[in-house]
Amino acid sequence: MAVRHQLIRRPPQAVWAVLADPDAYGEWVVGPSESTPLDGAWPGVGSRLRYTVRLGPWSLDGVTTVRHTEPGRELELEASFKSLGTARIFLQLRPWGGETLVVCDEHPLRGIGGTLHNPATEALLQLRHRGMLARLAKVVERRHGEVRHA
């Protein structure tokens, strides 16, 4: 199970604003080159995003579904690629002073991704999360200006 964290120098409501924006998905998630909301209620439970991941000349379409949400605190997603199976991605926002500690926990659920899950694929997930959480921090910090500490 790949668990990684990132301290983002903005309050949880600023981080949540980015997570709750379906148009921002491609800015911070590593992989998708395009994303389209399939429902108007993102990030409500059951809402979905369709996206395309491109690797050179190949592309793969997937759908991410919200499975659980506590606005401002938790977002649990199920990412599905028909041929590869599904994965659970859980993002938790923890207030850390005036900042936010984001904890990301991802693991395969179904399909070949779960069958082939091993230390090597775990290491790849860790690299993906490092990039994804760093990108999330940049998007949040860019959108929500400078933080002033009292």
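Biologist: What share of the contacts in the protein chain, at a separation of 6 or more, comes from residues 24 or more positions apart?

Modeller: They account for 48% of those contacts. A contact means heavy atoms within 4.5 Å.

Biologist: What kind of model is this?

Modeller: This is a predicted model, where local features need pLDDT of at least 70, side-chain atom pairs count only at pLDDT 80 or more, and totals for chains, interfaces and linings use all residues. Residues are numbered from 1 along each chain as its sequence is written, and side-chain values use heavy atoms, leaving out hydrogens and water.

Biologist: What pLDDT does the protein chain average?

Modeller: The average is 86, and 88% of the residues score at least 70. pLDDT is the predictor's confidence in each residue, from 0 to 100.

Biologist: What makes up the secondary structure of the protein chain?

Modeller: Four helices and seven strands. Helices (H or I, at least four residues) and strands (E, at least two) are DSSP runs, numbered from the N terminus. Their order from the N terminus is β-α-α-β-β-β-β-β-β-α-α.

Biologist: Why does Y25 count as buried?

Modeller: Buried means under 20% relative accessible area (exposed is over 50%, partly exposed in between; 1.4 Å probe, protein chains only). Y25 has 7%, so Y25 counts as buried. Y51 is buried too, at 3%. Buried residues make up 41% of the 150 in the protein chain.

Biologist: How many aromatic pairs does the structure hold?

Modeller: Four. Rings of Phe, Tyr and Trp (its six-membered ring) pair if their centres lie within 6.5 Å; planes under 30 degrees apart count as stacked, over 60 as edge-to-face and the rest as tilted.

Biologist: Why is the pair of Y25 and W42 called edge-to-face?

Modeller: The ring centres of Y25 and W42 are 6.3 Å apart and the planes stand at 80°, so the pair is edge-to-face. Y25 lies in helix 2 (residues 25-28), and W42 in the loop between strand 2 (32-37) and strand 3 (48-55), 17 residues apart. Both Y25 and W42 are buried.

Biologist: What makes the pair of Y25 and Y51 tilted?

Modeller: The planes of Y25 and Y51 are at 40° and the ring centres 5.9 Å apart, so the pair is tilted. This pair also links distant parts of the chain: Y25 in helix 2 and Y51 in strand 3 are 26 residues apart.

Biologist: Which residues do ring pairs link into a cluster?

Modeller: Y25, W28, W42, Y51 and F81.
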